Amino acid sequence: MSSTESKEKTSESVSCLQKELENLRLKLSEEREKLDDAKLFSFCQSLNIPHSQIRCRRVLKGHNSKVLDLDWCSDRRRVVSSSQNGQIFVWDAYNAVKECVASLHTTWVNACAFAPSGHFIACGGLDNKCSVFPINGGNSPPSTASGGSGGGNNDSPVTTLQNKKVVAMHTSYLSACTFTDSDHQLLTASGDGTCALWDVGSSQLLQSFHGHQSDVMDVAMSPDECGNLFISGGCDRNAIVWDMRSAKHVYSYQTHESDINTVRWFPSGETFATGSDDGTIRMYDLRADREISCYKRTSVLFGVNSVDFSISGRLVFGAYNDYLVHVWDVLRGQKLITLFGHENRASCMRVSPDGTAFCTGSWDSTLRVWA
């Protein structure tokens, strides 16, 4: 058999397999539709919600480039943020002042996260690495330098974080990172199309997760007590639920029409939301094994960069490319509030652990705390 004939047969086999896969997807979609006996929005139209008065309470100023990511500390007071120029700040969000500053030798620090204890922060970006810094209470003492803080009391000292430890290394840029339920393990996502679980102490790879066909943009750990599941979303328009024990995906959903930028669990851990460049927020239920709601309006044309739920789960917040934050009623699918304030793309947002406030970051180089 000539090499040309072999290539033709291989090409035909691949084509047949692709058709078979597409047919299986269509059959699965049809079976799911048969079980769709009720629509969430129509079923819950009679459930009214009191009007919320959400306003900007603090503006955190100090970054001089685009803010790319943020995370709340478990103490419900501190916020860590990362920016395009390689700087990472730890803020006292209540007093609107910087407490700590760290720097990476790279631009576009796409990801940052607090450890559950609040004693460490993880961050990374175009350097393909995830680095961990100890802060107050960590194993290595930071150094204190004089300097101004952002937006508040300018006489407060700013601590310069040192003793950086590289924990993770990917073959492409780091897009997201989060600690598991302890300070000892770190979950990362990358532009190389993989997610990975790392041991912080030894910097060893514990498990890698392969399944996306393109860049993975975000990951989120399940709030469930067992903490064995996490979700990832990527540029292949796929949202995947993984089991960390087996390194296999247990659910997969591909209903978005463009890249998925953000994923977030519902507080109960049985449902999750995704935000996409197609301008929609979609919610999936693991028990129903399907998409159960889609939050969109014809007037909202821009992509969603970040989503999060209120602590009760009744509201879902979306940070959009149109500089706005839109607040949706989860049960009725209605847009309740539009929050103005940022002067450029709203790139990231997180609700505080106690649910009393949420923080947004923007390409206008500021963070805003809303309540």
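User: Which residues do ring pairs link into a cluster in this structure?

Analyst: Good place to start! Bear in mind that this is a predicted model. Counting aromatic pairs gives a total of 14. Ring pairs join five named residues into one cluster: Tyr251, Tyr253, Trp265, Phe272 and Tyr284.

User: How are the rings of Phe89 and Trp91 arranged, stacked or edge-to-face?

Analyst: The two ring centres lie 5.7 Å apart. Their planes stand at 80°, and planes over 60 degrees apart count as edge-to-face. So the pair Phe89 and Trp91 is edge-to-face.

User: What is the relative accessibility of Trp91, the partner of Phe89 in that pair?

Analyst: Let's take both partners. Phe89 counts as buried because its relative accessibility is 3%, and buried means under 20%. Trp91 counts as buried too, with a relative accessibility of 0%.

User: How are the rings of Phe230 and Trp242 arranged, stacked or edge-to-face?

Analyst: Here the ring centres are 6.2 Å apart. The planes are at 15°, and planes under 30 degrees apart count as stacked. Therefore the pair Phe230 and Trp242 is stacked.

User: How many residues apart in sequence are the parts that Phe230 and Trp242 tie together?

Analyst: Phe230 lies in strand 17 (residues 229-234), while Trp242 lies in strand 18 (residues 239-243). Phe230 is buried, with a relative accessible area of 0%, and Trp242 is buried with a relative accessible area of 0%.

User: Which lysine lies over the face of Phe89?

Analyst: A charge can sit over a ring, and Lys66 gives one example: its charged end is over the ring of Trp363, 3.9 Å from the centre. Over the face of Phe89, at 4.7 Å from the ring centre, lies Lys98.

User: How far away is the nearest cysteine sulfur to that of Cys130?

Analyst: A disulfide is a covalent bond between the sulfur atoms of two cysteines. The count for this model is 0 disulfides. Cys130 is in none, and the nearest cysteine sulfur belongs to Cys177. The cut-off for a disulfide is within 2.5 Å, whereas the sulfur of Cys177 is away by 4.1 Å.

User: Is Cys294 buried or exposed?

Analyst: Cys130 has a relative accessibility of 0% and counts as buried. Cys294 has 17%, and the limit for buried is under 20%. So Cys294 counts as buried.

User: How many of the 6 residues of strand 8 are buried?

Analyst: Strand 8 covers residues 129-134. This strand is largely enclosed by the rest of the structure, because the number of its residues that are buried is 5 of the 6.

User: Which residue in strand 8 is the bridge partner of Ala122?

Analyst: Strand 7 (residues 120-124) and strand 8 run antiparallel and are joined by 4 bridges. They form a hairpin with 4 residues between them, and Asn128 in the turn has a positive phi of about 70°. Cys123 has Ser131 as its bridge partner in strand 8. For Ala122, the bridge partner in strand 8 is Val132.

User: Which residue in strand 11 is the bridge partner of Ser131?

Analyst: Strand 8 is joined by 4 bridges to strand 11 (residues 165-169), and these two run antiparallel. In strand 11, the bridge partner of Ser131 is Val166.

User: Which strands stand at the edges of the open sheet of 4 strands?

Analyst: The order of the sheet is 6-7-8-11, with antiparallel pairing. Neighbouring strands are turned by 20° against each other on average, direction ignored. Each edge strand has a single partner strand, so one side of each is left without a neighbour in the sheet. The edge strands are strand 6 (111-114) and strand 11.

User: Is Arg314 buried or exposed?

Analyst: Arg314 is in the loop between strand 24 (304-309) and strand 25 (315-320). Leaving out residues up to four places away in sequence, Arg314 touches several residues, among them Leu47, Trp328 and Asp329. With a relative accessibility of 17%, Arg314 counts as buried.

User: How far apart in space are Glu22 and Ser202, C-alpha to C-alpha?

Analyst: Glu22 sits in helix 1 (residues 3-34) and counts as partly exposed because its relative accessibility is 39%. In sequence, Glu22 and Ser202 are 180 residues apart. In space, C-alpha to C-alpha, they are apart by 43 Å.

Key:
Residues numbered from 1 in each chain as written. Predicted model: local features only at pLDDT ≥ 70, side-chain atom pairs only at ≥ 80, totals over all residues. Heavy atoms only, no water. Buried < 20%, exposed > 50% of the residue type's maximum accessible area, 1.4 Å probe, protein only. Contact = heavy atoms within 4.5 Å. Phe/Tyr/Trp six-rings, centres within 6.5 Å; stacked < 30°, edge-to-face > 60°. Lys NZ or Arg CZ within 6 Å of the ring centre and 35° of its normal. Pairing = 2+ DSSP bridges. Axes fitted to C-alpha atoms, helices over the stretch in contact; angles between N-to-C directions.
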